[in-house]
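Subject: Structure for you, with notes

Hi there,

Here is the structure I promised to pass on. Please have it open in your viewer while you read, as my notes go through it part by part.

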Amino acid sequence: MAVTDLRRQPNLVQAIGERIIQIILLVAASISVLTTAGIVFSLLSETIAFFNEVSIVEFLTETEWTPLFATKKFGIWPLASATFLTSAIAMLVAVPLGLIAAIFLSEFASDRIRRTVKPLLEILAGIPTVVYGYFALTFLTPLLRGFIPELSIFNSLSAGIVMGVMLIPFVASLSEDALSAVPNSLREAAYGLGSTRFEVATLVVTPAAISGIVASIVLAFSRAVGETMIVAIAAGQNPRLTLDPTVPVMTMTSYIVQVSLGDTPYGTIEYYTLYAVGFTLFIFTFVLNIFSYWMVRKFREVYD
Amino acid sequence: MSTQERASVNVQPAEAERIDRGAGNLKWRHFKGNILTVLGWFSIIFGLGTLLVLILDVLNRATGIFSGGQNWLTWEFFNNFDSRFAQRAGAKAAIVGTLYTISLTILFAFPLGVAAAIYLEEYATDNWFTRLVEINISNLAAVPSIIYGLLGLQVFARWLLFGRSILTGALTLALLVLPIIIVASRESIRAVPLSLRQASYALGATRWQTVWHVVLPQAVGGILTGSILAVSRAIGETAPLITIGALTFVPFLPRDIFDIFTVLPIQIFNWTSRPQDDFRSLAAAGILVLLAILLTINALAIYLRNRYQKRY
């Protein structure tokens, strides 16, 4: 019997009260739509103002970014390449370590180990990013300079590595969820054919969970692209088009922080660049998020 | 079975060799599992080891407990305002600013988040609007926090004329953590069994009476746990508050919610950016305070989760 069948007809006063409450709740739920609309609208309006003064061709083809200099150049590539570089280094750390941890926790570890280790790893994800930035600048960079003498004080290598450590629990947790969701019948069938535990994990369970695993990696990449404080503190403030991980660079997020720290009056070109860069960042992460959402839905194996 | 024997039952030599490699190297096949176990432990220890090194390093810089340096975590640290001289600088304005901002954030985000969750679980029918709201919530959860800062700067600081105030900061953070509260509250409300609602309706309760007197008391544990975790996220956020223009140097306490302000993470960032070693130590002291606050809050969340955990 459905719940609605049991419901008494409310009297008029009650009915009006119920209606008002429902409308209030509906308004609360609409806030999320308004937030998205607010983000898109505020980013777009100032970005349009930016492109009234700077051509979109210059934005996409110029290789220098000097909006705070006397001769202003507005090429997004130095910022975009730095964002890509730091995120790629973070992925090199987070993906192998996170994936192996996920496979180990899901297929090899005992229930007790899993229940102890998972919350401990979650602590890593709960540390504020400004703390990671501090750690990268004051601990990891001096340490790495012992091995790589030409490493600058500010560099994308140490920012990227620390960002990767931060993302290990992110990749591990989401991938472990995907692996655990694979039904046991598949594992038992593989054991029945004489597979070892390693073969079950790598040849059966991992391929079956691949959509969830890829989605977790894409989401982690999106997180790295939008990450701000670690790169703002440890990667430097020098916009340059390079893939050299030992020199100071400036990511899109670092640029937004740098301009925000100064007093930028509304209506100046510097103010508009905030939104042009923010809009580019939003598009990047939005595409990655939609892609991971699509991956999960499109390639999910459905089991009874 | 050797290769010769298998050849006699008409298996091609190449095929036989393939099977043999599998069967004959059973030890190796099992050993690969051991390698993965070792690598798995390595990954976990690498992550947790980094965490441990981070905490010990910060502890040492802040208090000089291992190296015998100066202890920066003193009474003056809590009671002094920021200063150009490290010996006189403290985090009073930042700690009070964090307290004000987060209290206001909870005031905005908690009722809104829970109300939205109630609507989606108890009232919404499966139509385009509900789907739009759900897609929005999952997408908003993945939007970088600095983008929320740009939103707050434009909408709250400029259009609504709130300026670089505590109010702007709290509204921005509230929007940022709203998806976390909604998702946690929805899960908790969904876990309340249908039979309880049916019993309530059978006694003549209206829909809202059922939600308020039956569903919410059952779901309160999960809702509180999720909201506390959202708060701990808000406390550590730096980027959106820098973007809306929270200041880095504030030598006074805010008088009301329209006053300019700073928060602990921004103070830490500011001290970290100064080149002198003494300020780096001050930053470490700030980090210790921040981590201590977060640890307390998370312990509270775990306590609440255990306290209210129900099985049906």
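Predicted model: local features only at pLDDT ≥ 70, side-chain atom pairs only at ≥ 80, totals over all residues.

**Chain A against chain B**

Let me begin with the contact between the two chains. It involves 83 residues of chain A and 77 residues of chain B. Interface size is often quoted as the accessible area that is lost when the parts come together. Here, chain A and chain B bury about 7,300 Å² between them, and carbon and sulfur atoms account for 76% of that area.

As for polar links, 14 residue pairs are in polar contact across the interface of chain A and chain B, counting pairs with both residues at pLDDT 80 or more. On the side of chain A that touches chain B, H1(A) is the element that gives the most, with 21 residues. Sorted by class, that side of chain A has 53 nonpolar, 24 polar and six charged residues.

The number of salt bridges between chain A and chain B is two. One that you can look up is formed by Arg158(B) and Glu46(A), with 4.0 Å between the closest N and O atoms. Glu46(A) will come up again in the next section.

**Domains of chain A**

In chain A, the domain assignment gives domain 1 as 3–53 and domain 2 as 77–299. The centres of these two domains of chain A, taken over C-alpha atoms, are 33 Å apart. Where they meet, 10 residues of domain 1 of chain A contact 10 residues of domain 2 of chain A. The area buried between the two is about 960 Å², with 82% coming from carbon and sulfur atoms.

Which residues of domain 1 of chain A lose the most area to domain 2 of chain A? They are Leu43(A), Glu46(A) and Phe50(A), which together make up 54% of what that side buries. By class, the side of domain 1 of chain A that touches domain 2 of chain A holds six nonpolar, two polar and two charged residues.

**Domains of chain B**

Chain B is likewise split into domain 1 (3–69) and domain 2 (77–308). Their C-alpha centres lie 40 Å apart, and the contact takes five residues from each of the two domains of chain B. Domain 1 and domain 2 of chain B bury about 470 Å² between them, 85% of it on carbon and sulfur atoms.

On the domain 1 side of chain B, Val58(B), Arg61(B) and Ala62(B) supply 73% of the area buried against domain 2 of chain B, more than any other three residues. The side of domain 1 of chain B that touches domain 2 of chain B has three nonpolar residues, one polar and one charged.

**Aromatic pairs and salt bridges**

Over all chains, the count comes to 21 aromatic pairs. In one of them, the ring centres of Phe41(A) and Trp159(B) are 5.9 Å apart and the planes are at 55°, so the pair is tilted. Phe41(A) sits in helix H1 (residues 12–53) of chain A and Trp159(B) in helix H7 (residues 145–159) of chain B, so this pair joins two chains.

The count of salt bridges over all chains is 16. Among them is the one between Lys118(A) and Asp177(A), whose closest N and O atoms are 3.4 Å apart. Lys118(A) belongs to helix H4 (residues 111–126) of chain A and Asp177(A) to helix H6 (residues 156–180) of chain A, so the pair ties together parts that are 59 residues apart in sequence.

Happy to talk any of this over.

Best wishes

Key. Residues numbered from 1 in each chain as written. Chains lettered and ligands numbered in written order. Heavy atoms only, no water. Domains from an automatic or database assignment. Contact = heavy atoms within 4.5 Å. Buried area = accessible area lost by both parts, 1.4 Å probe. Nonpolar A, V, L, I, M, F, W, Y, C, P; charged D, E, K, R; others polar. Phe/Tyr/Trp six-rings, centres within 6.5 Å; stacked < 30°, edge-to-face > 60°. Helix = DSSP H or I, 4+ residues; strand = E, 2+ residues; numbered from the N terminus. Salt bridge = Lys/Arg side-chain N within 4 Å of Asp/Glu carboxyl O. Polar contact = N/O pair within 3.5 Å; in protein donor to acceptor, adjacent residues only side chain to side chain.
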